[in-house]
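This report covers helix packing and salt bridges in one structure. Please have the sequence and the coordinates open while reading.

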Amino acid sequence: MSTSPAFTTRPEIRGTFGVVSSTHWLASQVAMGVLERGGNAFDAAVAGGFVLQVVEPHLNGPGGEVPILFWSESERRVRELCGQGPAPALATSAYFRQRGFELVPGIGLLPATVPGAFGAWLALLRDYGTWELEAALAPAIAYAEHGFPLVPRISQAIAAVESLFRTEWTSSAAVWLPDGRVPHPDSVFRTPAIARTYRRILAASTGASGGRAGRIEAAHEAWYRGFVAEAIDAYYRGQQVRDCSGERNAGLLRREDLADWRPTYGAPATVDYGRYTVAKCGAWSQGPVFLQQLAMLRHLGIEGLQAESAPFVHRVAEAAKLAFADRLAWYGDPDHVDVPLAALLDDAYARQRAAGIGAAAAPQLQPGSPDGRVARLPDLQAAERALAAADTRYGVGEPTFAALPPVQEWARREIFVGDTCHLDVIDRHGNMVAATPSGGWLSSSPAIPELGFSINTRLQMTWLEDGLPGTLQPGKRPCTTLSPGLALRDGEPYMVFGTPGGDQQDQWTVAFFLRHAALGMNLQEAIDAPAWHVDHFPGSFWPRTTVLNRLTLESRFPAETVEALRAAGHDVRVGPAWSEGRVSACTREPAAGGLLLRAGANPRGMQGYAVGR
């Protein structure tokens, strides 16, 4: 039984008709409105996902990407849908090295991949939804045309790059500095160019043959082979913009890259933990990191521990260190890399890795040897050399939320600088969707004038050394941090969940899952509970600096827990009381006459929201 206090920041939502949880209340309410008007979970997720692009532009955008996990009740199966686009044909390691780069820059035009979010949302709507695209896009278009209230962090994100917009990225200044000023928090803000783009796509698809599916397909063509692709090509070919190298560089993304791309379905990776089977996207994402941790934690006696105790935090944190070391050594796009995923998730391997977790914190990176393979790690000093030659005045890899700190602060990674979005939906039929949209942040690359939005910078998560699983290669997907989750219980679909947070995603959600599944907390208790993360690997975002053995805890942990973790050898930092985690979650379980649905949402940042009835 849970020993947490009964008080939570908001109630665990319970109902029988439908539930939604997301990182923004507007997206949650839009998705719930779709369910109320007869749409299913897939229709609702698509409409909510398009709204997130408009109302959280500092965290994602139309030019971003999205991995999606879902359960189809009619098909009775879990599937992954990959909306992570690959590297352009012109993007080679040699290209960057010849120009003096040690790493792919974190901002600007060079780190773009094919923007996959639009295609993935359309595929989900076409194949599993029931609504027309026009109806699914209507709420996002309305907010873009008529305005939405700015949360304070959007204003902070714009202020952080105001100088860059004014002096260099003037197309972004036209979008984000109306009347020449940083917009005030809580003001009603409009992005009419995005609305025009979506209306133009709808106009191009309206008369298409083939019914609803044909109209959705025509919209895909307008984006990936039509005017959107042409505008991206012209801008990335014809403009040179300043990035964190301090130089102005043209982009590598071309119309042909978009024309050749399609979102893909697949079977997710899974691991069993007690009554639960957890599904995650494959090794083209960091999702298997979650599964590797669960596989190890099965052997570490988690069930008998208290959620705020040092033994609980220590064992989970040490498992994370080992799993993330394996991510660095072995993960990559399985279409291009021989990833030993089955061996990494094998119970014998997990038991062997768990046996190496002792009472003391591990101070070094320790990748394993699945199938007897010998790990080769990247040159981790490349980050220091790249940072020494860089211009960090205008940002690094993730979106910035406040005035930029000195370079040495970025290198120490002490300041939380980025985020993304998440959305979960379950409908009364039992369909379930978990999606983690990101990329195309307003501060990541300049807005394309004809379109009104930016393109992602996900290519910064690759390496320029040859022969690594994560080496940059044309047509190859970078190993994204984006990681939605789905769990079955006793063989039946049970939970969809996820969080923003880059490298922290498959740390915060592991602790959340254990608090719920192993320690008995309800969804909201498990979300509210004091959280933490470790830094023990090179960061996924430029400048990819490596920090080892750092454990950052929310200040709500008991003092004795903090001291015990320090005594165990962790480099403990104590952060603000509500600073770790952005988890959303929804569950379903059998009940008399149907399903009992539940939802919880993150209180941190005062933005996440769960709704249902």
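How are helix 13 and helix 19 oriented to each other, oblique or roughly parallel? Helix 13 (residues 287–297) and helix 19 pack at an angle of about 40°, their axes being 9 Å apart, and the two helices are therefore oblique to each other. Angles under 35 degrees count as roughly parallel, over 145 as roughly antiparallel, 65 to 115 as roughly perpendicular and the rest as oblique. Axes are lines fitted to C-alpha atoms, for helices over the stretch in contact, with angles from 0 to 180 degrees between N-to-C directions.

The model is predicted: local features need pLDDT of at least 70 and side-chain atom pairs count only at pLDDT 80 or more, while totals for chains, interfaces and linings use all residues. Residues are numbered from 1 along each chain as its sequence is written, and side-chain values use heavy atoms, with hydrogens and water left out. Helices (H or I, at least four residues) and strands (E, at least two) are DSSP runs, numbered from the N terminus.

**Helix packing**

Helix 13 passes helix 19 in a right-handed crossing (the near helix is turned clockwise from the far one by less than a right angle). On the side of helix 13 the contact (heavy atoms within 4.5 Å) is made by Gly 287, Val 289, Phe 290, Gln 293, Leu 294 and Leu 297. Helix 19 contributes Asp 506, Thr 509, Val 510, Phe 513 and Leu 514. By class, these residues divide into seven nonpolar, three polar and one charged. Here Ala, Val, Leu, Ile, Met, Phe, Trp, Tyr, Cys and Pro count as nonpolar, Asp, Glu, Lys and Arg as charged, and the others, Gly among them, as polar.

A second pair is formed by helix 14 (residues 310–330) and helix 21 (residues 559–567), which pack at about 45° with axes 9 Å apart. Helix 14 and helix 21 are therefore oblique to each other, and their crossing is right-handed. Ala 310, Val 313 and His 314 of helix 14 meet Thr 561, Ala 564 and Leu 565 of helix 21. This contact has four nonpolar, two polar and no charged residues.

**Salt bridges**

The whole structure holds 41 salt bridges, each a side-chain nitrogen of Lys or Arg within 4 Å of a carboxyl oxygen of Asp or Glu.

| Pair | Distance |
|---|---|
| Glu 162 – Arg 166 | 2.7 Å |
| Lys 280 – Asp 506 | 3.0 Å |
| Glu 465 – Arg 376 | 3.3 Å |

Glu 162 and Arg 166 both lie in helix 7 (residues 162–167), four residues apart, about one turn of the helix. Glu 162 is partly exposed at 24% relative accessibility, and Arg 166 is partly exposed at 41%. Buried means under 20% relative accessible area, exposed over 50%, and partly exposed in between (1.4 Å probe, protein chains only).

Lys 280 is buried at 0% relative accessibility, and Asp 506 is buried at 0%. Asp 506 also belongs to the contact of helix 19 with helix 13.

For the remaining pair in the table, Glu 465 is partly exposed at 25% and Arg 376 is partly exposed at 42%.
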